[in-house]
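Colleague: I have not looked at this one before. Can you walk me through some of it?

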Amino acid sequence: MTSPKLSPTAMRIDLGIHGMTCASCVGRAERALKKIPGVQEVAVNLATESARVMVLPADQIEARLRRAVRDAGYEPVSANAAIDAKPASGWQGFGPVALGLALSLPLMLPMLGSLLGQHWMLPAWLQFMLATPVQFVLGARFYKAGWHALLSLSGNMDLLVSIGTTAAWALSVWLWLGTPDGAMAHLYFEASAVVITLVLLGKWLEARAKQQTTSAIRALHGLRPDVAHLLGLDGEVDVPVDEVLVGDELVVRPGERFAMDAEVLEGQAQVDESMLTGEPLPVNKAAGDRVTGGTLNGDGRLIVRVKAVGVDTVLSGIIRLVEDAQAAKAPIQRLVDQVSAVFVPVVLVLALATLLGWWLSGHAFELSVIHAVTVLVIACPCALGLATPAAIMAGTGVAAQHGILIKDAQALELAHKTQVVVFDKTGTLTVGKAQLTNFVVLPESDPTVTTSSTALLTIAAALQSGSSHPLARAVVQAAADQHLSLLAVENIQTVPGKGLSGRVNVSDYFIGSPHWIRELGANFEKFDDQLLGLEAQGATLAALAQRSAQGLQVLALMSFADEPKREASSVISALRARGIKVLMLSGDNQAAAQAMARRVGLNPEQGEVISNVLPGDKAAHILALKQSGQTVVMVGDGVNDAPALAAADVGMAMASAEGGTDVAMHAAGITLMRGDLSLVAAALDISNRAVAKIRQNLFWAFVYNVAGIPLAALGYLNPVFAGAAMALSSVSVMTNALLLKRWRPELPEIYKK
């Protein structure tokens with residue numbers, strides 16, 4: 001979460017950091033970066049091996065940040081090094097682990113033999129020859145990182161491993177050299193060698209798991225083609241996508257991905273947008289439609305005009321959003337950071353206390369050292385540093401694949417506490433498009449007046465065909481649905497805010513609001529019952545009238561309404577089943593708002609509808625709900641709901657076809673990439689599951705340490721078992737987090753029918 005003291009002039013710099021191994025490394029890297037003048041905020045992520053720094057602009061500031069990272073003992077790399085790197089083969093990096101296993105397994109022979117009732121023991125010199133390369137060649141990385149930790153007066157996993165294994169190796173050498181000729185001393189070379197090998201194995205498995213957590217971002221990067229087919233005077237020319245400019249015309253062949261956001265000029269095709277929106281069905285695109293860079297052209301050749309390039313494309317915004325979420329720290333991570341800051345020094349004290357306790361109580365010095373070594377090894381806080389970021393990366397990654405973009409870790413953590421979900425009406429609960437719902441015609445005694453419903457709809461559509469008003473488009477669409485041919489219209493005159501008139505077949509017609517038609521002298525008494533009924537339903541009304549010898553006569557009454565989305569009722573029921581209160585905010589009058597609320601399953605009598613709300617007042621209603629102590633989620637279309645989305649604990653913006661996607665990404669903590677209400681319940685579900693994984697990971701990370709340290713100090717564990725447990729803790733935390741990748745949104749009942 002952004003600090004309130006952050007300067008408005010602060011700039012963001014992202015760095016990759018290689019060499020971090022545990023939660024203590026995270027703290028050390030953050031402290032090193034915070035010492036640079038001008039740095040205001042630092043967030044280091046162990047799982048992504050990256051740092052996000054907010055710093056005041058200064059000369060060579062990025063170089064100074066990189067130097068601080070290097071001085072702290074880590075390697076600064078590019079911010080996207082982990083993403084840009086090609087996916088490693090299954091066994092890449094296994095060489096040191098394999099060598100360690102080959103050298104360590106013979107040292108395990110006495111332990112394996114004892115299980116079989118055999119007493120196998122290698123000569124001391126051979127144990128020394130096997131263990132020493134493991135200790136000082138394969139284990140050199142631990143000495144290097146541990147030395148840097150000492151120089152900075154801090155501790156980390158590498159320091160604990162290097163001290164513990166060196167103590168076991170040195171004790172073995174001392175016992176070997178101090179043993180009389182012909183005698184066989186019990187040596188601990190296997191402890192030092194096997195612990196280092198197991199830690200290396202754990203790190204290798206952990207690195208493989210980390211690759212899977214970044215797969216979502218890597219897949220998004222892979223959506224961008226390298227080459228575009230530029231249409232010029234000489235025909236098609238292949239150019240790198242980096243050279244494409246806004247306004248260029250491109251050819252997109254069947255089976256190719258769109259290089260940039262564009263508008264279709266020629267052609268028709270089915271476009272697969274599933275990687276961006278999660279929508280499995282292809283979408284038909286024709287001239288005038290917008291296409292998004294990264295989506296897949298299906299079966300048609302299209303010519304498109306580029307509308308956005310580079311960082312301004314929707315795909316770049318999505319990648320930036322997912323990267324931000326994975327780099328951010330969840331509030332729960334602050335507790336982990338506080339614990340990690342003091343963890344290693346406390347462990348060193350406990351190890352020393354274990355050594356002195358066993359020795360002063362009369363036990364052999366070598367046994368006391370081994371128990372202290374066990375404490376050092378099992379206490380390594382590897383899993384602690386991975387517990388939260390691994391779950392956040394897996395959760396935000398799988399959510400993005402299904403059209404749910406989570407802006408930051410705070411939104412992910414807060415969403416699972418939701419008590420109230422507030423929906424905007426138009427465009428969120430409804431399709432956001434007016435439809436002609438009633439076309440009421442009464443028989444007329446005057447034979448000169450047209451009375452056929454079909455004929456009157458044809459006339460109304462002809463009058464409205466030149467208007468861009470939403471209600472006019474609804475009338476024209478209704479005529480098109482009935483395959484009616486429009487008539488020629490003369491003398492069109494528009495009265496803004498009231499209606500219009502025109503001549504069709506030598507007769508003058510008027511179409512507009514009932515109030516305007518009355519002003520012109522028409523009488524609605526034959527439509528009184530229908531008028532009252534439709535007004536009670538909250539419908540928007542219009543009338544069609546014809547000028548005749550008897551004056552202006554009303555021929556038809558039209559009502560318009562927005563339709564609820566087909567899944568609205570099912571989703572509201574699903575939210576209620578979770579114990580969540582559901583409300584609707586609307587700018588419509590009370591009758592219209594309540595009528596729509598009942599259609600989607602809301603109960604106005606129980607205060608679930610708030611009507612007559614101006615767009616600017618929506619945020620005030622959200623704040624009032626928050627002040628009552630409830631965790632509030634606001635769901636809007638991302639265009640005119642930005643203040644309310646920002647005011648809520650978690651804003652969910654539903655990207656719209658009218659360009660709401662960019663607004664949505666900036667206004668809300670969560671962006672739903674398609675207008676499907678089931679994504680609201682899905683977003684809450686992935687939040688629940690991700691937070692559950694975080695808690696599980698932290699529990700197991702703490703259990704390994706809290707339970708393991710006393711057992712080691714009391715002598716119930718040996719260094720080899722401690723090394724295995726430490727490696728297992730990191731791998732289990734990563735594996736548990738990766739289970740989130742199997743998550744799929746649950747479809748509402750309406751989709752299952």
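Colleague: How many bridges join strand S1 to strand S3?
Modeller: This is a predicted model, and in it strand S1 (residues 11–18) and strand S3 (residues 50–55) are joined by six bridges. The two strands run antiparallel.

Colleague: Which residue in S3 is the bridge partner of Ile13?
Modeller: Val53 is the partner of Ile13.

Colleague: What order do the strands take in that sheet?
Modeller: The order is S2-S3-S1-S4, four strands in an open sheet with antiparallel pairing. Strand S2 (39–45) and strand S4 (75–77) are at the edges, and each has a single partner strand, so one side of each has no neighbour in the sheet. From one strand to the next, the twist averages 30°.

Colleague: Which strands does helix H1 touch?
Modeller: Helix H1 (residues 23–34) packs on the sheet and touches S1, S2 and S3. The direction of H1 makes about 160° with that of S2.

Colleague: And helix H2, which strands does that touch?
Modeller: Helix H2 (residues 61–71) also packs on the sheet, where it touches S1, S2, S3 and S4. Relative to S1, the direction of H2 makes an angle of about 30°.

Colleague: Moving on to other strands. In what sense do S5 and S6 pair, parallel or antiparallel?
Modeller: Antiparallel, over six bridges, with strand S5 at residues 227–232 and strand S6 at residues 235–240. Two residues make up the hairpin that joins S5 to S6. Ala228 has Val239 of S6 opposite.

Colleague: What about S5 and strand S7, how many bridges there?
Modeller: Two bridges, and S5 and strand S7 (residues 249–252) run antiparallel. His229 has Val251 in S7 as its bridge partner.

Colleague: What holds paired strands together in general?
Modeller: Strands of a sheet pair through backbone hydrogen bonds, in either a parallel or an antiparallel arrangement.

Colleague: Helices next. At what angle do H4 and H6 pack?
Modeller: About 155°, with the axes of helix H4 (residues 95–104) and helix H6 (residues 124–138) 8 Å apart. That angle makes H4 roughly antiparallel to H6. Their crossing is left-handed.

Colleague: Which residues meet there?
Modeller: From H4, Pro96, Leu99, Gly100, Leu103 and Ser104 meet Leu130, Pro133, Val134 and Leu138 of H6. Sorted by class, the contact has seven nonpolar residues, two polar and no charged ones.

Colleague: How do the axes of H15 and H27 cross?
Modeller: Helix H15 (residues 382–401) and helix H27 (residues 678–713) have axes that come within 8 Å and cross at roughly 165°. H15 and H27 are therefore roughly antiparallel to each other. The crossing of this pair is right-handed.

Colleague: What makes the contact?
Modeller: On the H15 side, the residues include Ala383, Ala387, Ala391, Gly395 and Val398. On the H27 side, they include Ile686, Ala690, Lys693, Asn697 and Phe702. By class, the contact of H15 with H27 has 13 nonpolar, three polar and one charged residues.

Colleague: Last topic. Where is the confidence lowest and where is it highest?
Modeller: Helix H29 (residues 749–752) has the lowest confidence in the chain, with a mean of 53. Strand S13 (residues 302–308) has the highest, at 93.

Colleague: And what does the chain average?
Modeller: The average pLDDT is 82, and 87% of the residues score at least 70.

Methods
Residues are numbered from 1 along each chain as its sequence is written. This is a predicted model: local features need pLDDT of at least 70, side-chain atom pairs count only at pLDDT 80 or more; totals for chains, interfaces and linings use all residues. Side-chain values use heavy atoms; hydrogens and water are left out. Axes are lines fitted to C-alpha atoms, for helices over the stretch in contact, and angles run from 0 to 180 degrees between N-to-C directions. Angles under 35 degrees count as roughly parallel, over 145 as roughly antiparallel, 65 to 115 as roughly perpendicular and the rest as oblique. A crossing is left-handed if the near helix is turned anticlockwise from the far one by less than a right angle, and right-handed if clockwise. Contact means heavy atoms within 4.5 Å. Ala, Val, Leu, Ile, Met, Phe, Trp, Tyr, Cys and Pro count as nonpolar, Asp, Glu, Lys and Arg as charged, and the others, Gly among them, as polar. pLDDT is the predictor's confidence in each residue, from 0 to 100. Two strands pair if DSSP finds at least two bridges between them.
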